[in-house]
Amino acid sequence: MGQIVRQLSPNSTRYYWYPGEKKDWLRALLAVGAGACVFGLSYLVTRSTLTAAVLGLTVLTGVVGFNLGRRDLRALDDKAFDKGRREAIGASGRATWRGLVQGGVAALAVLTIAHLPARGLVADWLLPLVPAVVGALARQAGLLSGRFARESEKASAYATTASRSPHSTDAVGEPGAAV
């Protein structure tokens, strides 16, 4: 939950609450902006509303999916499930909302593409699925990239400067030694 604090006078303060954190809202704005830029550029190049809509909505759902995947990984690492039942229910509720947001964005993209004036098997049945599939794959990529970054931090913490020095080739049985 985000909070904006305004000091109205020395004795009064007004608090404004909004859902989510400021970073999450900026990431959502980045996703919408990236999708709009790709839509505009692809429409200028191809003059096809169908192509521009598919590409723009695919970028939008991809960025949203990646951000939600990273957010899901952070929520799992917060260890809210170890604290108690109330925190676990709260974390599950937030995960449900993130899932609904991702599904809603994918459904909106599918409906937008399906209702464009272009007709045919590809335009009506295949192209509407592209943003939803890319969004789902991007969510998995977000989960994996966060996991890989976390795993590499642990591995680099255990490596010492002595283990990174080149091995001696004088003794038999050492790596690089002639046998």
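**Exercise 1.** Determine whether Asp72 and Arg98 are buried or exposed, and describe how the two residues are joined.

*Solution.* Step 1: Both residues, Asp72 and Arg98, are buried, where buried means under 20% relative accessible area, exposed over 50% and partly exposed in between (1.4 Å probe, protein chains only). Asp72 counts as buried because its relative accessible area is 11%.

Step 2: A salt bridge, that is, a side-chain nitrogen of Lys or Arg within 4 Å of a carboxyl oxygen of Asp or Glu, joins Asp72 to Arg98, with the closest N and O atoms 2.4 Å apart. This pair links distant parts of the chain, since Asp72 lies in helix H2 and Arg98 in helix H4 (residues 85-114), 26 residues apart. Helices are DSSP runs (H or I, at least four residues), numbered from the N terminus.

Step 3: Asp72, Arg98 and Arg139 are linked in a network of salt bridges.

The model is predicted: local features need pLDDT of at least 70, side-chain atom pairs count only at pLDDT 80 or more, and totals for chains, interfaces and linings use all residues. Residues are numbered from 1 along each chain as its sequence is written, and side-chain values use heavy atoms, with hydrogens and water left out.

**Exercise 2.** State how many salt bridges a search of the whole structure finds, and describe the one between Asp24 and Arg27.

*Solution.* Step 1: The search finds 4 salt bridges.

Step 2: In the bridge between Asp24 and Arg27, the closest N and O atoms are 3.8 Å apart. Both residues lie in helix H1 (residues 22-46), 3 residues apart, about one turn of the helix.

Step 3: Asp24 is partly exposed, because its relative accessibility is 29%; Arg27 is partly exposed at 27%.

Key. Helix = DSSP H or I, 4+ residues; strand = E, 2+ residues; numbered from the N terminus.
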